[in-house]
Amino acid sequence: MENRPLATCAGDQAIFSSVYSILMQQLPREPMEWRRSYGRPPKMIHLEANFVQFKEELIPKEGNRALLTFPFLHIFWTDCCDTEAYKATAKDDITKWQNILKAYSSSDWLIVVVESDAKKKNKTNILPRTSIVDKIRNDFCNKQSDRCVVLTDPLKDSSRTQESWNTFFSKLRTLLLMSFTKNLGKFEDEMRTMREQRTESGWSFCEYFMVQEELAFVFEMLQQFEDALVQYDELDALFTQYVVNYGAGDGANWLTSFCHPVQNWNGLILRKPIDMEKRELIQKNKATLLDLRSYLFSRQCTLLVFLQRPWEVAQRALELLQNCVQELKLLEVSVPVGALDCWVFLSCLEVLQRIEGCCDAAELENNSCHTVGLWSYATEKLKSLGYLCGLISEEGPDSEDLKRTVDVLSGLGAERPETANSPQSPYKTLNEALSSVESFEKHYLDLSHTAIEMYQTIGQVRSSQLLGKDLADFYMRKGEPQKAEMYLQEALKTYQAEGWPLLIAHTRKQLAECQKQLQQTQNYLQTSSLLAGDDNLTETERIHFCQEILNLTQQPDSGQDDRLLLGMEGFLQLQSLCFKPVCAMVHVGGLLEIELTVHSLMPLPVHLHQLSIHLNLSVSKDTSKRSSELGSRSRNVNGIFLFPSGPIGHPSPRNKQPFIELCELYEQSPSDSSLNSSGIICKNMHLLFGRQESSSSLERSSGLAVEDAAHVLRTTDILLKPGINTIHFKTEAKEAGTYTLRQLCASVGRVQFTLPHIYPIIQYEVYSQEPLLKLQPMTDSLLAGISQSVTFTIQTGHYTVKSGDTLQLSITDTLPILHSASSTATVSTSSGDKISEAPLTIQSSGKLTSITLPLAPAYHQIEFQLHVICHLPSTLPTPPDTERPSTDLKANRKAQEKTKLDMPCMTSIEQKISIDCPWTIYSTLISLTFNIPFTAKHLLLSSGPRKYLQVCVYNLSHIGFQLFDPQLVEVTNSSELDFVPMNSLNQQCMYSKQATFFLWEFKWSQEPGASLHCQFSVSFTPLTGQELGLMKPFTYELKLDNFCTLYDVKAEIFPPFGAEMCKTGTLCNLEVSIVRLSELTEVDKDEALVDCDGYCTTKLMYEVVDNSSNWAVCGKSSGVISMPLAARATHKVRMEVMPLFAGFLPFPDIRLFKYLPFQPSQSGQMDTDSLIENDSLSLDRNLDDQVDSSSLRSRGSTHSSGSSEHKGVPMPRLLPFSTGQVFNTSASMQILVIPSQDEHMLEINVT
């Protein structure tokens, strides 16, 4: 019978028997919410129960902790229908039943009254049903009336019956769950109290184990497998903690019972839900550590299978087996040799077969990552048993091995009945594997290959290689090295890729022994060279492998085909390389030395017969192309190439991706050597994109090949000592080109060590250079007008400068060469070492200058300096004046400020020099750019009719100058105009980025013309103290038009009548006086001139504006007047203005324009240019700012730029005066304005 909550049934057993099947079927159908204490989440459970006949023996006594046999509910069944029967028998039976329950303090009971219609028909004197029920409730259920329920005709199929059944089952489930919760909580409290007493003496873990397992059984009974698993996990953790504490010296007394020697090691038992044998041993406190662990895991396994988590079984099993091995050591349990390996092996197979029994093949394959650890662990333990029993050897087991085999198998005992019929049971597998060498090999290889395939499937390459290495060891012990080599090579490949030096050394030793047995001489020597240079081995081992190599090199060489090629990575390491000369460039016929520093990894001195460097020559077909290798970045400041440094004895794997061999490519123009294009090319693309052989071994040297190079550097008879060695190579350059160091070969007898590729890329260049002439200035920029130094550099190349060779320079008159008797030429080597210095002979004849060159051999350099001066041009281009001259002094002032901020740029002059060289028939054309250090601007200033001219000179260069002798002359040389200088100093210093101003006043005896053309000049010299020599002064030409003053404008502001001063907000009087200063001139003869019988007038427009918003102009602010063209003619305009602020306010601005009337064309067609006003001053003003409306109306037009209704109407034009024609006397005047009220408020806080 299954474990279910127990319920007893008393009273009429016939009634109970009739409804028993219905109870068992209907009770678990409806779920119930189970609410537990301590804040644990509620769960929905289906209640089941075992209903048994009531017996007093079933009621547990005090202290009994068995929950599985505990009756959670007592039910009394009766079908009494009349009062007499109830009083005669039923009442007494219920009373007796309740007295027994009270004696055992049991309060979980229920009375069921079964009503039948058949009995009602037979009994005429029966009371109504409610009378019997009420009687029972009054007698036995005073305070618990719900403990009595009625079941009506339980065997019939009616709605009334179904309703009574529903009520009954609801009450039954509720009472059963209430009783179960109450008693389970009490049991947990007692268990918790028992666990808290674990530190007291006499506490027994086995006794506590049985108590908590009882709780686990109850949860399993309720199908709460997760809660049941928690109980076993808590027991597991508690026991593990005690074992760990025991190992740390804090042991409990009860642990000694688990320290008995192991006498049985038959593995885990997972095929039965409960292993009653081991449970009984635990209950009797006679279980060993393996018994307890086996039983505990079997229960966990059962629950995990119920929870459909078989993969967690595999994970827990692997942890269990590994922990048990450690716990046996901590508890110092005596274990026979091989017993633990047997127990682990059998347990692994048992777990795997248990998982296979509950999963299909597809699930097993998809979840092999969970079981592969067990396969690997089983393989490892079977291998240990094979070593122990002598099954892994060429000779086979001896008598001692057979005796150990018998002892190991004796501890297994008899096979368990549940596995007796299984042909692949762990018991049979182990017995068969240890029965013979062939059988062991079969089972071991099957397990190994299965585990290796699983590891490879899930991507755990390291674990797969580790098992492969064990297989290699197995084959080596079996005398089959040809099968072991593959696994060793694969393992070594993995270790090298991940960088495990100790594992690499150990695996190489195994591989060397394997290759030696296979008589693979070349591979064995390659591996021996790597081991001899490995500092992870002992000195004795390294010497042994080195001697193996030397012994073979001493054998006689049978011919070229008998040569053995080995990799150099284990023989020596390159440290550094240095060229002499350090620039790694030498001309044809020159001597080149190479100093190579290497580190010998051999523990013994080795005599090298020859050490050679194979070179690759690259010759560029286009001599205008020049390559600069990017590999030179590995060179330090001393010109030494440093090779990548790594741990001594651990060269990088040969399958490492090679370095990218890049070089820069520049293409220059053959004519002027200017750069046309540049790029980057890869020179070893065949190595980078070549297909890599995945099956090639890292330790094989068959892939090595010595290039048949036409160019080789050799040195012979070298004693290579352990450690650092320096080797010298010497060669004479014969063929031009770029030589790349490709391979390094060291010959020791018939053995040749080869480094197939030298990285980083190292090159040296042998050049045959054409002569080259360069002309470079000594400064960043050349300045015109002063002496400048330029450097001539001649690289002789393959040409030898002979006596009488000259340079012929063709120059212009504006670029003379300054001779100096102290000029010398320096002859130096291509590396910059000075050889000689000779005087320079320069002869000039017209535009031709001849320079005699000193004697110089090929591939040398001649350098000398010359002084040249570029004359300044007589005229400079005048900067464009994009703005119309203004009569406003403020506008002029703003223009000056803007000029100071915006510094102009220097103007450049290009000079070309044609040079004829003795080594070529073609002329070399060189261009030099000179910058003019100065620029100038002028400004016309007025003071009434008096005129002044200001000239500003800017120094745009980076040096300072001394300016002197400034002059201003008229180009036309008229006698009526004189320039009076206002400059106080004749000499002035002008530093870099500074400006100097010069001022002259115009004096004339008669009225000057309308146009004036002048020239300004100033002499200069640098502050550095150069001689004047051929330096010419700086000149600047300027032109002035209509510069005489025609009108004088003056404004006056008067306070209101009766007031002494102007006040804010009060209207004041503004009087504008316009005075004509001269008679009729040619300038006045325009469209506005009106001649009436010799009385000439012109139209002027005035405008009063205040851009600073200090004044409000009231009324008309502009108007048109008729001005007589006579000296001292005056026109006054009055208007009202209102000051808006107090203080000294500047006067409003007074503007004056020429007013030109509209004139139609002669053909009668309207001039389209006059339809739209093109003057921005008249188009951008409002109506209030326009001319007098009465004046405009007299001409038949109105003026309003704020509206577009007048578009297309003929409009008059406004023409501003030229600079200096109008002088504003009151431009800088101010007037004091006081506030309208002189009231001030002062707040004072007194505390």
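**Close-ups: a cavity, aromatic rings and charges over rings**

**View 1. What lines the largest cavity?** Six nonpolar, four polar and three charged residues make up the lining of the largest cavity. (Ala, Val, Leu, Ile, Met, Phe, Trp, Tyr, Cys and Pro count as nonpolar, Asp, Glu, Lys and Arg as charged, and the others, Gly among them, as polar.) This is a predicted model, where local features need pLDDT of at least 70, side-chain atom pairs count only at pLDDT 80 or more, and totals for chains, interfaces and linings use all residues. Residues are numbered from 1 along each chain, and side-chain values use heavy atoms, without hydrogens and water. Of the 13 lining residues, Asn266, Leu346, Arg416, Thr419 and Tyr427 lie nearest the centre of the largest cavity. (A cavity is a set of points on a 1 Å grid over the protein atoms alone where a 1.4 Å probe fits but cannot get out; lining residues have an atom within 4 Å of a point.)

**View 2. Here are Trp203 and Tyr208, a tilted pair.** The ring centres are 5.6 Å apart and the planes stand at 40°. (Rings of Phe, Tyr and Trp, the last by its six-membered ring, pair if their centres lie within 6.5 Å; planes under 30 degrees apart count as stacked, over 60 as edge-to-face and the rest as tilted.) Trp203 is buried at 9% relative accessibility, and Tyr208 is buried at 0%. (Buried means under 20% relative accessible area, with a 1.4 Å probe and protein chains only.) Both belong to one aromatic cluster, whose members include Phe205, Trp254 and Tyr295.

**View 3. Arg147 puts its charged end over the ring of Trp109.** The distance to the ring centre is 5.6 Å. (For Arg, CZ must be within 6 Å of the ring centre and within 35 degrees of the ring normal.)

Definitions and conventions
On a 1 Å grid over the protein atoms alone, a cavity is a set of points where a 1.4 Å probe fits but cannot get out, and a pocket is an open set with protein on both sides within 12 Å along at least five of seven lines; lining residues have an atom within 4 Å of a point. Buried means under 20% relative accessible area, exposed over 50%, partly exposed in between (1.4 Å probe, protein chains only).
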